Amino acid sequence: MAIQYHQEMKDKDYPTKKPVRNPQQSNEQANPMGQLEKENPFPDPIGLTPRQRSALLRRHALHQKYDKAVALYAETDMPLKTIATECHVSAGGLGSYLRRYWRELVLHRHHIPLEGEDPHAIKIMSEGKPNVMSLARYKKAIDACLSLEDIELNVSQIARKHGVEGTGLANFMRIHEPEVIPWREKVRHWLGINDNTHRGATPACTKQYAEAVELYKKTDMTIPEIARACHVSPSGFKQHLRFYYKNILEQKRKKRSEAQARPEKKRGELSGNGRVYKPSPRTVDKYTEALSLYKDTALTLKEIAERTHVTAEGLRSYLHKWHIDLVRERAGLSGKAEGDIDLRKSKKRMKTVATKYEKAIESLRKHPRPIAHIAKEFGLHPETFREYLHKHEPKLANRQGMVQTSEEKRVSRQSKEKYAEAIRLYGTTTETLKDIATRLGLTYNSIGGYIRRNHPEVINAHSTLLMEKDEKSDITSK
């Protein structure tokens, strides 16, 4: 029947699947990707982009890799692990491949009918529900346990009678039919045929897992993490929870469902797979040094990556995923990250840029001088430095090259030096300002406006000299 079903599957047209070939053909392909390039199964004229063609080549190579394994899975009853060993592939990889590309075969092997439904919409195993094959295997034995005809037999005897293992049957009923064993014990006690054997968790077992159960109840640690912390067996602890703490498992299942429904994951919170959303210890160790440099220095991302021997893209991805607040801080953004923000558009004062101009700004504060001069001194672009000053140091930029007059007015140092001689002459002689400007090669309107705005005392001094000159002239004429 399996061979007939496999032949029907091969005759169907599934665009995502490659038809199964003769198993012997797979052994001849040591390098499927190289063979694909030689055969060129997807010639250029079909109009695919390079990325699409590469994806098709990889998928074709994948189908060739598992070709023999798929044939054995469809045409024999060999276990998946045995098939994987014989075909020299991993059992996990083969199982994932079958569930993705040959789900109909998987459903057929598990005796799950399709009934016109989408194969990918049918779950082979549901959380908290029994496996279809296991349920079929133990169904008759479970019915016998609930029957008064076999009430005198214990669970092990009923299991042997129906050709199943006693331990497997008892475990299955504890997990999926928890009311059966207590009912049998109660009825056997009423009938006086109970064997007075203790059933349930023994005191030693309860004590052994007590600390682990409390951790599982109060924290978001996974079962393997708790097992390592409490030095107990992970499988034994999991079985203990399934047998005697179904309420805790149900609460965890509900919590995982709520986490899965959340639109975005947050670090430190439970995710849909039951693990806390955080980077793995291996990833943390890999980027520890780089993260320290990113926090404490103004080195660029590329420089940090080169120093710590990691890739710049990997470091950037790690920082944006797990340390977005540090990225925002370096970009000059205050507050915690909320939602999706384009850092390229919203960045204000980056740490690296601030460090670049730090020495020049400090020197400018102590010794004011033209921006062009200090930019040349520190090897900076004058216009870029000037723009940075006006954006981030507006007060410093506004008083650049400014000096204070005797009237406590701030004037340009360059203008003061330019007009100094003209102001001295205008304030100490009776020569007209126009004559002074012409003699010194200055613009009359500019020097006049500058004196009126900033040196009214010079105008007064000049007027006084003119009045004294007029008085002397009057006295002489008399």
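Colleague: Why is Glu 313 called exposed?

Modeller: Its relative accessibility is 56%, and exposed means over 50% relative accessible area, buried under 20% and partly exposed in between (1.4 Å probe, protein chains only). Therefore Glu 313 counts as exposed. This is a predicted model, where local features need pLDDT of at least 70, side-chain atom pairs count only at pLDDT 80 or more, and totals for chains, interfaces and linings use all residues. Residues are numbered from 1 along each chain as its sequence is written, and side-chain values use heavy atoms, with hydrogens and water left out.

Colleague: What makes Arg 316 partly exposed?

Modeller: Arg 316 has 33% relative accessibility, which falls between the two limits.

Colleague: How do you know that Arg 316 forms a salt bridge with Glu 313?

Modeller: The closest N and O atoms are 2.7 Å apart. A salt bridge is a side-chain nitrogen of Lys or Arg within 4 Å of a carboxyl oxygen of Asp or Glu, so the pair qualifies. Arg 316 and Glu 313 are three residues apart in helix H19 (residues 312-322), about one helical turn; helices are DSSP runs (H or I, at least four residues), numbered from the N terminus.

Notes. Helix = DSSP H or I, 4+ residues; strand = E, 2+ residues; numbered from the N terminus.
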